[in-house]
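Let's take a walk through this structure together.

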Amino acid sequence: MTGNSAPKNLVVVNHPLVLHKLTLMRDKNTPSAVFRQLLREISLLLAYEVARDLPMTMQTIETPLAEMEAPILKGKKLVIVSILRAGNGLLEGMLDLMPSARIGHIGLYRDPVTLQPVEYYFKVPTDIDERPVIVVDPMLATGNSIAYAIKRLKEKGARDVRLVCLLSAPEGIKRVSEEHPDVPIYTAAIDSHLNDHGYIVPGLGDAGDRMFGTK
Ligand code: URA
């Protein structure tokens with residue numbers, strides 16, 4: 001997905017440090033503890049990019065030497081919404097950089113018959129209409145769950161929504177950007193395709209299992 005086929009709102013964070021750490025994460029021999037640590041480190045770098053255009057204002061402060069007008073973030077603290085369970089791996093690193101952020105969680109599973117997302121948990125701050133909202137999920141695969149999660153957040157009033165995914169498939173980018181063209185997508189890499197089980201190829205396997213050592 002390059003050139004004209006790439007959606008306008010797609011930001012590929014292909015910084016050498018991100019790519020190096022991602023390669024280590026993809027390696028099937030990387031143990032869970034290292035995988036989690038790498039994800040935490042990459043999420044700091046992704047957080048840095050997704051926060052690049054947050055609104056700023058000036059505030060008068062006093063340094064030990066003089067009074068000055070200094071830039072400071074404007075408005076209410078942002079919200080980070082983790083799509084359970086793998087989203088929590090990205091959430092932790094984001095919070096290292098933005099410790100005052102509010103946090104939401106959305107739990108979804110895929111109905112085995114209809115293949116549609118089914119919501120089992122939804123808890124977000126009540127005033128998300130007044131805050132920038134960053135949705136985090138390491139894997140943008142089919143995009144069905146993520147598109148659904150964003151729809152729910154918009155129903156609750158969210159107006160400034162940004163999506164951060166470590167790895168993306170072209171299918172998922174297409175799905176989310178068609179349904180939510182206003183939502184910028186930040187990702188470290190776009191892989192080749194999805195396999196028949198909805199896994200990203202070459203990908204890194206099941207992010208939740210690799211993170212939590214459940215397989
Ligand atoms: N979810 C994962 O954890 N991995 C994939 O490759 C796709 C979805």
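## Around the ligand

Start at isoleucine 200, where a polar backbone atom lies 2.8 Å from an oxygen atom of the ligand. Keep in mind as you look that this is a predicted model. Glycine 205 also takes part through its backbone, with a polar atom 2.8 Å from a nitrogen atom of the ligand. Then find alanine 207: one of its backbone N or O atoms is 2.7 Å from an oxygen atom of the ligand. Taken alone, the ligand would expose 240 Å², and the protein buries 82% of that.

Which residues surround the ligand? They are Met139, Ala141, Gly198, Tyr199, Ile200, Gly205, Asp206 and Ala207. This shell is made up of five nonpolar residues, two polar ones and one charged one. The space that the ligand takes is the largest pocket.

Now turn to the peptide bonds. The bond from valine 201 to proline 202 is cis, with omega near 0°. Proline 202 sits in the loop between strand 12 (200-201) and helix 6 (207-212). Another cis peptide bond joins leucine 84 and arginine 85, where omega is about 0°. Arginine 85 belongs to the loop between strand 4 (79-84) and helix 3.

Finally, how confident is the predictor? The chain has a mean pLDDT of 94, and 98% of its residues reach 70 or more.

How values were computed. Residues numbered from 1 in each chain as written. Predicted model: local features only at pLDDT ≥ 70, side-chain atom pairs only at ≥ 80, totals over all residues. Heavy atoms only, no water. Near = heavy atom within 4 Å. Polar contact = N/O pair within 3.5 Å; in protein donor to acceptor, adjacent residues only side chain to side chain. Areas by Shrake-Rupley, 256 points an atom, 1.4 Å probe, with all protein chains shown as cover. 1 Å grid on protein atoms, 1.4 Å probe; cavity = no way out; pocket = protein on both sides within 12 Å on 5 of 7 lines; lining within 4 Å. Sits in = over half its atoms within 2 Å of the grid points. Nonpolar A, V, L, I, M, F, W, Y, C, P; charged D, E, K, R; others polar. pLDDT = per-residue confidence, 0-100. Helix = DSSP H or I, 4+ residues; strand = E, 2+ residues; numbered from the N terminus.
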